[in-house]
Every structure is written in C-alpha cells, then in structure tokens.
Amino acid sequence: MKSKKSFSDADNSWAKVEINSLLNKGIVSQTSKFEPKALLTRGEFASWIANAYGLQTKTASLPFKDVSKTNANYDAIAAVYSQGLIKGKTKNSFDPSGYITEQEMAVIMGHALVAFGDKQSNVKTQSKYLSSLKSKEVASWAESDMALLMELGMTGSTDVGKGSGFVTKETAAAAFAKVYS
C-alpha cells in the first residue's frame, strides 16, 4: 500500500511532491513541520542518506568531539561515516548542526551513487563537465562528484556555481528525489 503522508507546511513549496515523496519512502522522518525554506544541516543530511540506503550501525564510533552519542543523528552520522560517504569538517569536528553546502551534498551523493547505485562516471563525458566547472566556484575536492551529478542530469551547469552556498531543505529534497525516484 502506498502511504499518503504529507507535510502541511510543504503545500506552498515548489518541491512539495519531492518532499512528500521522501517522507513516504521513509527518507525524511515525520515531524510536525518540514520547513522547506530552512537550511539543511549536515546531521540531517547524514540521516537522509542513512535512511535512503538502510545504513545502520550500533558499533561504530566517531572521531568527532562535537557529536555525542546523545545527538539525535549520531547513529546515522556513524553509519554514513563508516561507509566512507561523509567526512568531518576537520579531523576531530563534524559540525552536525552546521549547514550543508551544495558541494558537500554533491560529494556525499556522488559517493553514495558509486557505492550503492552502481553508477560510474564516463571519463570522456565527465571531462566535458569538468571543463565547465573550472570557471565556476567549485572546489577541486568536489569537482568529480559535481561532474558525475551533472552527467546523470541531477544538477545543471548553470546552478553549479552556487556550489559553496548552503542548501535549503526543499532544494535538497528535489535533488534527492532525482536520485531515488
């Protein structure tokens, strides 16, 4: 049976369909509000990734001093980190309440697509996207994953220049829905 859950505060969002789709797939948790215009945190995004791929761990420990076991996203962060899909901001800091950037989101999604989605970049095609990224504000550590997402049609070269900006929940939901549709 298909679930018909929805967030009432997503009714006026341009990503209403995608937001409610992620809710009904169990990727985002049912809460009283989704807050589509709010910025997405790194901890929340780790939770989305863990839920999407069914990643769980009760034994993994984290090297991050700013993620306590009482953090609501601790298990998700540990699961996604143990799979090598996400890194900390530094060696000892994850910044779970910090907002995720488009580039960080692209790298995590790129790693997940390669690890679990059986996606590989076509070297010839990717070089075209990499050359278009050179003129954008994209860090070298994010280029190959941004190019992979562009190659798969998950982001356009016109909006990639915003890569260092923070991501709203509705923008992240729309990108996520392209991956998990």
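This is a predicted model: local features need pLDDT of at least 70, side-chain atom pairs count only at pLDDT 80 or more; totals for chains, interfaces and linings use all residues.
1. The crossing in which α4 passes α7 is right-handed.

2. Which residues bring α4 and α7 together? On the side of α4 the contact is made by Met105, Met109 and Leu113, while α7 contributes Ala172, Ala175, Phe176 and Val179. When the residues of this contact of α4 with α7 are sorted by kind, seven are nonpolar, with no polar and no charged residues among them. As background, an α-helix has 3.6 residues a turn, so residues three or four places apart point the same way.

3. The contact between α2 and α7 involves Glu44, Phe45, Trp48, Ile49, Ala52 and Tyr53 from α2, which meet Lys169, Ala172, Ala173, Phe176 and Val179 from α7. Here the residues divide into nine nonpolar, no polar and two charged.

4. How many of the 11 residues of helix α7 are buried? Nine of them are, so the helix, which covers residues 169-179, is largely enclosed by the rest of the structure. The buried residues are Lys169, Glu170, Ala172, Ala173, Ala174, Ala175, Phe176, Ala177 and Val179, and these pack against α1 (16-24), α2 (42-53) and α4 (102-116).

5. One of the buried residues of α7 deserves a separate look, namely Glu170. Its relative accessibility is 4%, and Glu170 therefore counts as buried, the cut-off for that word being under 20%. Leaving aside neighbours within four places in sequence, Glu170 is in contact with Ser13, Trp14, Ala15, Ile19, Phe34, Pro36 and Lys37.

6. In soluble globular proteins, nonpolar side chains tend to be buried together. The largest nonpolar core of this model has 50 residues, and those that touch the most other members are Phe45, Trp48, Ile49, Met105, Met109 and Phe176. The elements giving two or more residues to this core are α1, α2, α3 (74-82), α4, α6 (143-151) and α7, and α4 gives the most, with seven residues. Not counting residues up to four places away in sequence, Ile49 touches Leu55, Val80, Leu85, Ile108, Phe176 and Tyr180.

7. Glu35, in the loop between α1 and α2, has a phi near 60 degrees, which is a positive value in a residue other than glycine. With a relative accessibility of 43%, Glu35 counts as partly exposed. Asp95, in the loop between α3 and α4, has a phi near 65 degrees, again a positive value in a residue other than glycine, and at 29% relative accessibility Asp95 counts as partly exposed.

Terms used. Residues are numbered from 1 along each chain as its sequence is written. Side-chain values use heavy atoms; hydrogens and water are left out. Buried means under 20% relative accessible area, exposed over 50%, partly exposed in between (1.4 Å probe, protein chains only). Helices (H or I, at least four residues) and strands (E, at least two) are DSSP runs, numbered from the N terminus. Contact means heavy atoms within 4.5 Å. A nonpolar core is a set of buried Ala, Val, Leu, Ile, Met, Phe, Trp, Tyr and Cys residues joined through side-chain atoms within 4.5 Å. A crossing is left-handed if the near helix is turned anticlockwise from the far one by less than a right angle, and right-handed if clockwise. Ala, Val, Leu, Ile, Met, Phe, Trp, Tyr, Cys and Pro count as nonpolar, Asp, Glu, Lys and Arg as charged, and the others, Gly among them, as polar.
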